[in-house]
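This briefing is meant to be read beside the sequence and the coordinates. It takes up aromatic pairs, then a contact between helices, and then a sheet.

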Amino acid sequence: MIGGLFIYNHKGEVLISRVYRDDIGRSWAADSAIFTSSGPFLGEEVNANRRNAVDAFRVNVIHARQQVRSPVTNIARTSFFHVKRSNIWLAAVTKQNVNAAMVFEFLYKMCDVMAAYFGKISEENIKNNFVLIYELLDEILDFGYPQNSETGALKTFITQQGIKSQHQTKEEQSQITSQVTGQIGWRREGIKYRRNELFLDVLESVNLLMSPQGQVLSAHVSGRVVMKSYLSGMPECKFGMNDKIVIEKQGKGTADETSKSGKQSIAIDDCTFHQCVRLSKFDSERSISFIPPDGEFELMRYRTTKDIILPFRVIPLVREVGRTKLEVKVVIKSNFKPSLLAQKIEVRIPTPLNTSGVQVICMKGKAKYKASENAIVWKIKRMAGMKESQISAEIELLPTNDKKKWARPPISMNFEVPFAPSGLKVRYLKVFEPKLNYSDHDVIKWVRYIGRSGIYETRC
Amino acid sequence: MTDSKYFTTTKKGEIFELKAELNSDKKEKKKEAVKKVIASMTVGKDVSALFPDVVNCMQTDNLELKKLVYLYLMNYAKSQPDMAIMAVNTFVKDCEDPNPLIRALAVRTMGCIRVDKITEYLCEPLRKCLKDEDPYVRKTAAVCVAKLHDINAQLVEDQGFLDTLKDLISDSNPMVVANAVAALSEIAESHPSSNLLDLNPQSINKLLTALNECTEWGQIFILDCLANYTPKDDREAQSICERVTPRLSHANSAVVLSAVKVLMKFMEMLSKDLDYYGTLLKKLAPPLVTLLSAEPELQYVALRNINLIVQKRPEILKHEMKVFFVKYNDPIYVKLEKLDIMIRLASQANIAQVLAELKEYATEVDVDFVRKAVRAIGRCAIKVEQSAERCVSTLLDLIQTKVNYVVQEAIVVIKDIFRKYPNKYESVIATLCENLDSLDEPEARAAMIWIVGEYAERIDNADELLESFLEGFHDESTQVQLQLLTAIVKLFLKKPTETQELVQQVLSLATQDSDNPDLRDRGYIYWRLLSTDPVAAKEVVLAEKPLISEETDLIEPTLLDELICYIGTLASVYHKPPSAFVEGGRGVVHKSLPPRTASSESTESPETAPAGAPAGEQPDVIPTQGDLLGDLLNLDLGPPVSGPPLVTSSVQMGAVDLLGGGLDSLMGDEPEGIGDPSFGAPPAAAVPVRLGAPISSGLSDLFDLTSGVGTLSGSYVAPKAVWLPAMKAKGLEISGTFTRQVGSISMDLQLTNKALQVMTDFAIQFNRNSFGLAPAAPLQVHAPLSPNQTVEISLPLNTVGSVMKMEPLNNLQVAVKNNIDVFYFSTLYPLHILFVEDGKMDRQMFLATWKDIPNENEAQFQIRDCALNAEAVSTKLQSSNIFTIAKRNVEGQDMLYQSLKLTNGIWVLAELRIQPGNPSFMDLELSLKCRAPEVSQHVYQAYETILKN
């Protein structure tokens, strides 16, 4: 299991260090001579051991000149797992054959928990909250085993204002422990709202890789359904969407409905759910039922590859005029209902490293050559469906002796559209709370679709 | 107010000031001071001097302060064990606190204080906490047992905590169950024999129920534990799979991967014809693809695992090529892994797309990635024959880019393409030659030189080209020097007239001016070949080369199977077994996939089935090999292994020293590298074929001959059984049987190479045994054993070896060595191979002896349902050297009096009463008398075996 957890700043200074297992230090004592930099602190054995593991990571990973070649590093039979958030490094250390996927999942979760408590993960925030972080680490990792790490539960007894243990009644205490260890660890009982309300966001990111000739090399949508629930009690929810398998199953009875809804249903390649969803029920009946956590959470993730609506088509034309000049023309076409508006459109056209000057002409939006990014960035605020726009540029090149050809990175695109490119539709979200006095009709529900570009690239 | 200020105090005399603050009366000030101490501790300052002052702050009802003090204690208790005792009272008191959070905190922290003295005080509170009414305390206490076990394993056993922990598996709270499973799994790892996690259908059912209810982490613990279970038959395997598959939709990738592990493992047991098998295969693909949309670090873990899965079961992802296409901004580690998988999935159906992608990648920035992409194009050409031409033209395009490392890499792979498809693409040689000057890496230079030498007759200026390399001969790396030597000799053999001078030059450079023994040796060999018999030289040097295989970097099947059992863990990320990177005893237990079983065999116990042991054919169930080896070596090998599939590698390690020396002397004619069991395989081509002494090889030929004839009239020969499964012997599978013909015993062996490398240098040795059986000649394997090749050998045996009584009596322990390692197995030989030909006793003698042997030495046995009459029985036994001396008929029953003699001179006398049980089957009653009664049991078994076959 996880032997220790360290947090470093970008210089490699330790901000947090928590050791769970003795073994991660053991062999380091012998090698301590290597790390003379930590000399002043080597006063005492336990500390020395830990410092050596800490230093090994700093020397070999953070201070390593080259790019990180692997998120898992093995130094002298000790394995280091790391993730980076802005310029903060989180590293988990172990000497055993641990479940690697679990360690990374835990590190991500740790980031989520910290973010839920104090916002952005930055050096300042970590230093400001180091007592809290130690407290959290004590709670969510015991002897290297991850424990309940749902912020909803944690916040009931680990708070920034110090513990209210003195004021807790016995009932409150047992309520906390039963929630932390219980089946529904993500929701506490006794939540009350005057207005029962829920928000559903279908957030999709559409990914595309297209050849210069307009052939789709790969395209997929990875989507998330994010729910914000403000519901009283322990509501039982049921979520329905236009999943092909469900629609076809229901359609067996009424033939005409099949033909009608057949087109609208979508084939989902795969989906994963928040731990509140009853997976065995989904497996047997393909129904999505759950008791939601309070507030915001990600209900499901899914992926589709069939019948994707590609909101934009990029048509590139690059011509080399002699050795010192390039002519680039890029056309973008919007491919959705004319009544809808796409926003935040940005096309990024890479330019060679030896570019000396660029002239750009575009009919719509603004385009700029950004030398520091080696790209022409063309921005359009809004664009309706079924429209077309074009940019042309002349790129002057410095003559070079460099034999290496310019790699021609793909043209990438960013945008946001108010529909789901996968075609997913929310059919219903029913709420049942038998104990309290409100019904499904009383709940105010909001649904919103946002399609964003993921990696949306066209080779040129 | 923020806490960051605590990090900034760097004044002198700080410790003194802190001391004063810690002893302050004001609560707030105390807390501040402790925070400062913790901050100093974090940045690595030694604040251990404050120990007593900090511990004094422990008795507080402020939970936050308490936690801080505990944190300090965990860090420094070990350096101040005596003072740590001061804290014990508070801990014990806290364990009784009405607040469950405080009880749990106390027991959790106490377990983290690794001081022996404290552990004694921990036992009582821990026992209470394990039975606490609050699940939060119980789940914490469960983990604490694992902590205590890590400090003092004996104490945990003595106090009976393991049993309490086992009981927690049936706890009503899923989180308690999950933590108990995690703790037990870890403890069980350090006690492979203890059968702690007594997994049976009932406990599995409990775990599967808890699986639906516990946290994501708990699900991982439980799934990882389930993966260690071996279902008793395919039906059970299927029902577990059905209950695990819903986990594939979990948002946590680790849950998904652990579920994949369970499914991949149990799938081994399912028949491929089953509908469910196909359904399961289909269900596995989507979640694996979904893992690729996780964060990059997890993608990396997933890709390393997919790499294994694709090798084990290519059918799962064969249609998913596109998802492995590299994205421009993937981190480099993801890109390299995707590339690997793309090549594995490349097939005729998708090769066009793959090639287009690879060409795209070859123009990227990262040098390693570009090189790998170019190499991948070459591998595609070798793998998919139809694409070879397109690959070659793509490579040529890349060479035109003149990017130095691209050109070099391309030339290296083109060499391999030439090897695979000789005389097909030589038209490109001219283009290659143009780039000669830009090659600066040894591998590329060597490849180019090889090409020039191999096709010297088609390159007009081959001599000039090679001569140009020769100028800087001594600055080249050995690889290039060797290749240059060979290439010039090839050139000379093809164009002898123009190149005489050149060849002399290179030979003298190699033999006289070089210090490298390899180079010198090769030089001398060529020199002598050329000077004595140029025709022979031509045959040797220009011989036709064997074709190269298509997949070069597959993981060995046995290792692959082991790694499949470690899906999701570090082992699967490193592609190494845990023993390669984990220290000490933990994690060295080998895991292996369960064997496929049919439902008809479901009665077989799960213990014997996976071993692949020939249980069905042997009269006795052979004890597990691990135990036998322990006996054989009489070494302290740690606790014996529980199940047959688990063989600790320490057994092999320990055993090597004992027998290694003996094996070396066997192999006297090849001294280098044999003493070391871990030496790598010597290059197969370089090892001369061992011819052995002519006499012994003649002998074995003779035995081969007789064994062919002898089976007709000789004694009964059991069918060959697997003695050493490939899984346990790094790919070497040995099966065999014993025969006796015309007075000679031999061991008929069948060696199969199931590894990916060539095996050579075989040798065999027996441990001392009851009858002194020993090989009469060395093990003769005339040629190296290539992958998937099988060889049959008859090893003559004699009975003049050292004698040691074995248990069971006919147990034979064998060590087999090859170039990879030394392997041990044991087998039971049928006693009738020891029955000698002159075992017929004189009648008088028989009577006298029968009377002489005391009655307590007489043993009686029943042989039921024998389909032979007295006459046939007698003949049949005679062919196995059991001689009938007299025959009587008493009250309608035939009585046979028989004698036999063992190789060591022991006589066995028998009285066989044949009772007609029913019309076609007889019941035989056998009475045996012998001065050494312990052989009787085995003689009876020999009778039974002979008569029933």
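Rings of Phe, Tyr and Trp (its six-membered ring) are taken to pair if their centres lie within 6.5 Å, and planes under 30 degrees apart count as stacked, over 60 as edge-to-face and the rest as tilted. On that basis, the structure holds 34 aromatic pairs over all chains. The model is a predicted one, in which local features need pLDDT of at least 70 and side-chain atom pairs count only at pLDDT 80 or more, while totals for chains, interfaces and linings use all residues. Residues are numbered from 1 along each chain as its sequence is written, chains are lettered from A and ligands numbered from 1 in the order in which they are written, and side-chain values use heavy atoms, with hydrogens and water left out.

**Aromatic pairs**

- The rings of Tyr145(A) and Phe221(B) have centres 5.6 Å apart and planes at 75°, so this pair is edge-to-face.
- This pair joins two chains, because Tyr145(A) lies in strand 7 (residues 145–146) of chain A and Phe221(B) in helix 14 (residues 216–226) of chain B; helices (H or I, at least four residues) and strands (E, at least two) are DSSP runs, numbered from the N terminus.
- Both Tyr145(A) and Phe221(B) are buried, where buried means under 20% relative accessible area, exposed over 50% and partly exposed in between (1.4 Å probe, protein chains only).
- Tyr361(B) and Phe369(B) form a tilted pair, because their ring centres are 5.4 Å apart and their planes stand at 40°.
- Tyr361(B) is buried at a relative accessible area of 1%, and Phe369(B) is buried at 0%.
- In chain A, ring pairs link Phe6(A), Tyr8(A), Phe57(A), Phe80(A) and Trp89(A) into a cluster.

**Helix contact between chains**

- In helix 8 of chain A, Thr177(A), Val180(A) and Thr181(A) meet Pro135(B), Tyr136(B) and Lys139(B) of helix 9 of chain B, contact meaning heavy atoms within 4.5 Å.

**Sheet in chain B**

- An open sheet of three strands in chain B has the order 4-7-8, with antiparallel pairing; two strands pair if DSSP finds at least two bridges between them.
- Strand 4 (763–766) and strand 8 (822–828) of chain B are at the edges with a single partner strand each, so one side of each has no neighbour in the sheet.
- Strand 7 (residues 811–817) of chain B pairs with strand 8 of chain B in the antiparallel sense over seven bridges.
- The bridge partner of Val814(B) in strand 8 of chain B is Phe825(B).
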